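Have a look at the sequence and the 3D view, then try each task before you read on.

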Amino acid sequence: MLKNKKMNILIAAFMVMTLVLAGCSSNNNANGTSGEKAKKIKLAYVAWDSEIASTNVVKEVLESKLNYKVEMLQVDAGPMYVGVADGSVDGMVSAWLPSTHGENYYEPNKDKLEDLGANLIGTKNGLVVPTYMDIKTIEDLKKEDVGKSVDHTITGIEPGAGIMSQAEKAITEYDLNKWNLLGSSSSAMVKVLQDAYAKKEPIVITGWTPHWMFNDMELKYLDDPKKVFGGNEEIHTLVRLGLKEDHPAAYRFLDQFEWTPEDMESVMGDISAGMPEEEAAKKWVEANEAKVNQWIAGIE
């Protein structure tokens with residue numbers, strides 16, 4: 001009887017130890033084999049076609065190559081920067097610098113976050129019109145016939161976007177006293193543009209490149225002699241302080257992530273043609289294995 005009792009105690013002890021080890025293994029799996037915190041990443045982005053494309057590609061690589069669970073948070077530009085600065089989100093790949101987001105969003109927060117540098121070089125923004133409009137510069141908008149042709153209206157995007165602040169400044173700097181800046185959304189602006197373009201009607205919009213609309217329509221930037229919209233820009237990756245220590249794998253990937261306007265336009269084109277965002281990102285990642293491998297090189 002005593003022998004059986006000792007045997008039962010040993011079996012019970014063995015079962016407890018097994019459960020403890022299983023729990024440890026489960027925790028290790030949840031936190032990553034490298035000892036990182038739980039492998040979850042939050043990315044903020046603005047609802048521009050360009051940033052929808054880039055953020056979905058980053059999400060696809062983090063999930064399919066590095067085994068992270070990614071939460072995407074769509075916000076306006078201001079909250080996007082504040083979220084990275086206060087640590088409520090881990091990062092974003094949507095910082096248009098130095099002009100578009102610089103003064104209003106980047107400068108007030110730059111000491112509270114980490115700038116990993118440019119992930120795309122060769123961007124531009126400004127006032128855009130179809131090439132069939134016989135005007136060349138923003139100065140031409142002061143002509144009464146031009147203003148009347150579009151009801152003295154510049155069709156814009158989300159009110160909090162940096163390009164909208166620049167457009168408001170342009171109205172002041174170029175003395176466009178009769179003009180109004182109409183806020184809407186990126187998708188609504190493109191729809192208005194497409195409708196006008198199909199009818200060969202005049203229209204003035206806030207535009208930027210890379211964007212698929214320049215491939216689908218013949219458009220041009222109005223010259224900006226006062227440089228209100230700045231020159232060529234870069235899109236930067238910004239992350240919260242401490243991300244390198246908490247998630248070294250994700251940090252290294254975000255630090256190494258860079259692509260070209262042509263890459264971005266490829267994803268944007270598929271999305272604009274009706275392909276779901278996640279599917280377009282997955283298609284691009286699978287078709288660009290060599291570039292993706294460069295992004296994740298050195299990550300264990």
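**Exercise 1. A lysine and its neighbours**

How far from a polar atom of the side chain of Lys39 does the backbone oxygen of Leu66 lie?

Residues are numbered from 1 along each chain as its sequence is written, and side-chain values use heavy atoms, with hydrogens and water left out. The model is predicted: local features need pLDDT of at least 70 and side-chain atom pairs count only at pLDDT 80 or more, while totals for chains, interfaces and linings use all residues.

Step 1. Find Lys39 in the loop between α1 (2-31) and β1 (40-45). Helices (H or I, at least four residues) and strands (E, at least two) are DSSP runs, numbered from the N terminus.

Step 2. Read the distance: the backbone oxygen of Leu66 and the polar side-chain atom of Lys39 are 2.8 Å apart. A polar contact is a pair of N or O atoms within 3.5 Å; within protein, one must be able to donate a hydrogen and the other to accept it, and residues adjacent in sequence count only if both atoms are side-chain atoms.

Step 3. Now look at Tyr68. Lys39 lies over the face of this ring, 4.7 Å from the ring centre. For a charge to sit over a ring, NZ of Lys or CZ of Arg must be within 6 Å of the ring centre and within 35 degrees of the ring normal.

Step 4. Compare sequence with space: Lys39 and Tyr68 are 29 residues apart in sequence, and their C-alpha atoms are 5.0 Å apart.

**Exercise 2. Pairs of rings**

Describe the ring pair of Tyr132 and Tyr197, then look for other rings that pair.

Step 1. Count first: a search of the whole structure finds 11 aromatic pairs. Rings of Phe, Tyr and Trp (its six-membered ring) pair if their centres lie within 6.5 Å; planes under 30 degrees apart count as stacked, over 60 as edge-to-face and the rest as tilted.

Step 2. Tyr132 and Tyr197 have centres 5.8 Å apart and planes at 40 degrees, a tilted pair.

Step 3. Tyr132 belongs to the loop between β4 (113-130) and α5 (144-149) and Tyr197 to helix α7 (residues 186-198), so the pair ties together parts that are 65 residues apart in sequence.

Step 4. Check accessibility. Tyr132 is partly exposed, at a relative accessible area of 29%, whereas Tyr197 is buried at 16%. Buried means under 20% relative accessible area, exposed over 50%, and partly exposed in between (1.4 Å probe, protein chains only).

Step 5. Phe257 and Trp259 also form a tilted pair, because their ring centres are 5.7 Å apart and their planes lie at 50 degrees. Phe257 is buried with a relative accessible area of 2%, and Trp259 is buried with 5%.

**Exercise 3. A lysine with a positive phi**

Which ring does Lys200 lie over?

Step 1. Lys200 lies over the face of Tyr197, at 4.8 Å from the ring centre.

Step 2. Lys200 counts as exposed, at 53% relative accessibility.

Step 3. Check the backbone: phi of Lys200 is near 55 degrees, a positive value in a residue other than glycine.

Step 4. Find another positive phi: His152, not a glycine either, has a value of about 50 degrees. His152 sits in the loop between α5 and β5 and is buried, with a relative accessible area of 12%.
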